[in-house]
Amino acid sequence: IAEILAQLPHKEAGTVIGALDPETVGEAIGELDPEVGGRVISQLDSEVASDILEEMEPDEAADLLGDLPEEKARELLGLMDAEDAEMVQELLEHEEDSAGGLMNNMFAAVPPAMTAEEALTYIRLVGAEIENIYYIYVIRADETPLGVVTLKRLLLSPPKTPVAEIMTVGLKAVTVEDTPGKVMEVLFKYNLLAVPVLEAGHMVGIVPADAVIELYLPESVTRTRFASH
């Protein structure tokens, strides 16, 4: 669908979008180059556009809104569900060329006293809304991180085991101000699929490996992020 939208004149793209549900359109526009996605969104009725943005991952919606005129971006944020808009606005406040600008602020986190069984139940409840659930972060009530546990380890642990007993401590993380190069360094040094992002000691998001690797790949390889021709 993204490939079709990228190749259609924008007015015709609106017709295609009108025949699809917002969730499908949000997933498709998330695959577009943000500049192209912004042009497609800007052609739509604002109410329709805000519904689509609500269905997108917050980092993808932020990338798209960042390419729109400021007035238009504010209008669409104002029409979005308050919780969704707040998550997107948080991401827009960070510099684009930084860990904060690359991160997704939707991630799986549990308190240390939760058992492996309870954590898996939680993942089943929220997993559809979270793009990356390879890691479940163990976090205090004040949002300071204690450690991380993999989904595999949760599955293999006795159900009643507190996650604090099976987590890996010494979290490998970056700060919101760190460069993409620093994020890449941590990813490869520790062989991670995602890097947690901290701000003033609090965990505020994760940078998935694909988000930063894409920056360093040749343009010919990244064309799967469909752009107009």
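This dialogue explains how to read several features of a predicted model.

Q: On what basis are the residues numbered and the values computed?
A: Residues are numbered from 1 along each chain as its sequence is written, and side-chain values use heavy atoms, with hydrogens and water left out. Because the model is predicted, local features need pLDDT of at least 70 and side-chain atom pairs count only at pLDDT 80 or more, whereas totals for chains, interfaces and linings use all residues.

Q: How do the axes of helix α3 and helix α5 cross?
A: Two packed helices are described by the angle between their axes and the distance between the axes. Helices here are DSSP runs of H or I with at least four residues, strands are runs of E with at least two, and both are numbered from the N terminus. Axes are lines fitted to C-alpha atoms, for helices over the stretch in contact, and angles run from 0 to 180 degrees between N-to-C directions. The axes of α3 (residues 22-30) and α5 (residues 46-55) come within 8 Å and cross at roughly 70°. That makes α3 roughly perpendicular to α5 (under 35 degrees counts as roughly parallel, over 145 as roughly antiparallel, 65 to 115 as roughly perpendicular and the rest as oblique).

Q: Which residues of α3 and α5 meet?
A: Contact means heavy atoms within 4.5 Å. On the α3 side, Pro22, Glu23, Val25, Gly26 and Ile29 meet Asp51, Ile52 and Glu55 in α5. The residues of this contact divide into four nonpolar, one polar and three charged. In that division Ala, Val, Leu, Ile, Met, Phe, Trp, Tyr, Cys and Pro count as nonpolar, Asp, Glu, Lys and Arg as charged, and the others, Gly among them, as polar.

Q: Which residues of helix α13 are buried?
A: An α-helix has 3.6 residues a turn, so residues three or four places apart point the same way. Buried means under 20% relative accessible area, exposed over 50%, and partly exposed in between, with a 1.4 Å probe and protein chains only. In α13 (residues 180-189), Pro180, Val183, Met184, Val186 and Leu187 are buried. They cover an arc of only 165° around the axis, which puts them on the same side of α13; the arc is that of the directions from the helix axis to the C-beta atoms. On the other side of α13, Phe188 and Lys189 are exposed. The cover over the buried residues includes α9 (99-102), β4 (174-175), β5 (194-199), β6 (202-208) and α14 (209-216).

Q: What is the strand order of the open sheet?
A: Two strands pair if DSSP finds at least two bridges between them. The open sheet has three strands in the order β4-β5-β6, with mixed pairing. Its edge strands are β4 and β6, each pairing on one side only. β4 and β5 are parallel, with two bridges, and Thr175 stands opposite Leu198 in β5. β5 and β6 run antiparallel and are joined by six bridges; Ala194 faces Pro208 in β6, and Glu199 faces His202 in β6.

Q: Where do α13 and α14 lie relative to these strands?
A: α13 lies across β4, β5 and β6, running at about 130° to β5. α14 packs on the sheet, touching β5 and β6, and its direction makes about 55° with that of β6.

Q: Which way do the residues of strand β2 point?
A: In a regular strand the side chains alternate between the two faces of the sheet. From β2, Tyr135, Tyr137 and Ile139 point one way and Ile136 and Val138 the other way, and all are buried. β2 (residues 135-139) runs parallel to β1 (residues 109-110), with two bridges between them, and Ala109 stands opposite Tyr137.

Q: Where is Ile133 found?
A: Ile133 is in the loop between α10 (116-126) and β2. Ile133 is partly exposed, with a relative accessible area of 22%. Leaving aside neighbours within four places in sequence, Ile133 is in contact with Ala108, Ile123 and Leu151.

Q: What phi do Asn191 and Ala200 have?
A: Most residues other than glycine have a negative phi, and most peptide bonds are trans. Asn191 has a positive phi of about 55° although it is not a glycine. Asn191 is in the loop between α13 and β5 and is exposed, with a relative accessible area of 69%. Ala200 has a positive phi of about 55° in the turn of the hairpin formed by β5 and β6, which has two residues between the strands. At 74% relative accessibility, Ala200 counts as exposed.
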